[in-house]
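Got a model open and wondering where the labels on it come from? Let's go through some of them, one at a time.

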Amino acid sequence: IEALKLVALFKTIHVDSRENDAGIVLIFDLTVANRIKEIEIDGNFPVFEQEVLNAMNIAVGDAFFQDKVDEQKERLVDLFKRQGFFNPTIDIDRRRDPEDGHYRLQIDIDKGPYYDIKGIAIEGNDAFGDLRLKVRMDAWSRSFMPGGSGRYVEKDFKDDVEDLRAF
């Protein structure tokens with residue numbers, strides 16, 4: 001029974017047993033779960049669709065379980081917060097296809113505002129000119145690009161600091 005639960009393909013698993021002349025007979029009553037047949041994502045730019053899909057722990061072809069779908073909101077909010085958006089909202093609409101019983105998921109993302117890099121000040125540096133160090137920073141050079149490229153992303157900024165320390 002545990003092995004059947006682990007494959008996550010069945011909505012219900014019921015096992016009965018009865019005895020006959022040959023011994024004990026196990027009877028499995030399994031209800032196959034409906035599947036996720038499509039995932040549509042809107043509003044994810046500038047985050048790539050594949051990044052959004054990678055942040056989720058469900059995919060097309062997986063069995064549809066509402067609690068697993070509900071978990072995705074938190075996972076996606078975390079992804080967009082890591083990308084510098086401080087108040088993202090995620091709406092996941094599920095639609096059951098009446099022809100085959102499988103589900104289409106529509107994920108609508110409202111990223112909300114983001115932290116913007118207006119400038120970078122380097123303090124405690126006596127060895128190099130500030131401009132020489134700033135040019136090495138991806139976060140600083142992206143802050144000049146139009147369309148929100150100066151968005152503060154904590155991981156990128158930490159990578160820049162590590163790069164400067166190694167320099």
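What follows is a set of questions and answers about the labels used for this model.

Q: Before we start, what kind of model is this, and how are residues numbered?
A: It's a predicted model, so local features need pLDDT of at least 70 and side-chain atom pairs count only at pLDDT 80 or more, while totals for chains, interfaces and linings use all residues. Residues are numbered from 1 along each chain as its sequence is written, and side-chain values use heavy atoms, with hydrogens and water left out.

Q: Why are K37 and D97 called a salt bridge?
A: The term asks for a side-chain nitrogen of Lys or Arg within 4 Å of a carboxyl oxygen of Asp or Glu. For K37 and D97 the closest N and O atoms are 2.7 Å apart, so the pair meets the definition. K37 sits in strand β3 (residues 36–42) and D97 in the loop between β4 (89–96) and β5, 60 residues apart. Strands here are DSSP runs (E, at least two residues), helices are runs of H or I with at least four, and both are numbered from the N terminus.

Q: What makes D97 buried or exposed?
A: Buried means under 20% relative accessible area, exposed means over 50%, and partly exposed is in between (1.4 Å probe, protein chains only). D97 has 11%, so it's buried. K37, its partner in the salt bridge, has 30% and therefore counts as partly exposed.

Q: What else does K37 pair with?
A: K37 also forms a salt bridge with D100, with 2.9 Å between the closest N and O atoms. D100 is in the loop between β4 and β5, 63 residues from K37. At 37% relative accessible area, D100 is partly exposed. Both pairs belong to a network of salt bridges that links K37, E38, D97, D100 and R104.

Q: How do you know that E162 and R165 are about one helical turn apart?
A: They are three residues apart in helix α6 (residues 154–166), so about one helical turn separates them. E162 and R165 also form a salt bridge, at 3.1 Å between the closest N and O atoms. R165 is exposed at 65%, while E162 is partly exposed at 47%.

Q: What makes F64 and Y103 a stacked pair?
A: Rings of Phe, Tyr and Trp (its six-membered ring) pair if their centres lie within 6.5 Å; planes under 30 degrees apart count as stacked, over 60 as edge-to-face and the rest as tilted. F64 and Y103 are 3.7 Å centre to centre with 15° between the planes, which makes the pair stacked. F64 lies in the loop between α2 (49–55) and α3 (66–82) and Y103 in strand β5, so the pair ties together parts that are 39 residues apart in sequence. Both are buried: F64 at 10% and Y103 at 11%.

Q: Which residues make the nonpolar surface patch?
A: I1, I24, L26, F28 and L30 make a nonpolar surface patch of about 510 Å². Patch residues have over 30% relative accessible area and no salt bridge, with nonpolar side chains (Val, Leu, Ile, Met, Phe, Trp, Tyr) joined within 5 Å and like charges within 9 Å.

Technical notes:
Accessible areas come from the Shrake-Rupley method with a 1.4 Å probe; for residues, only the protein chains shown count as cover.
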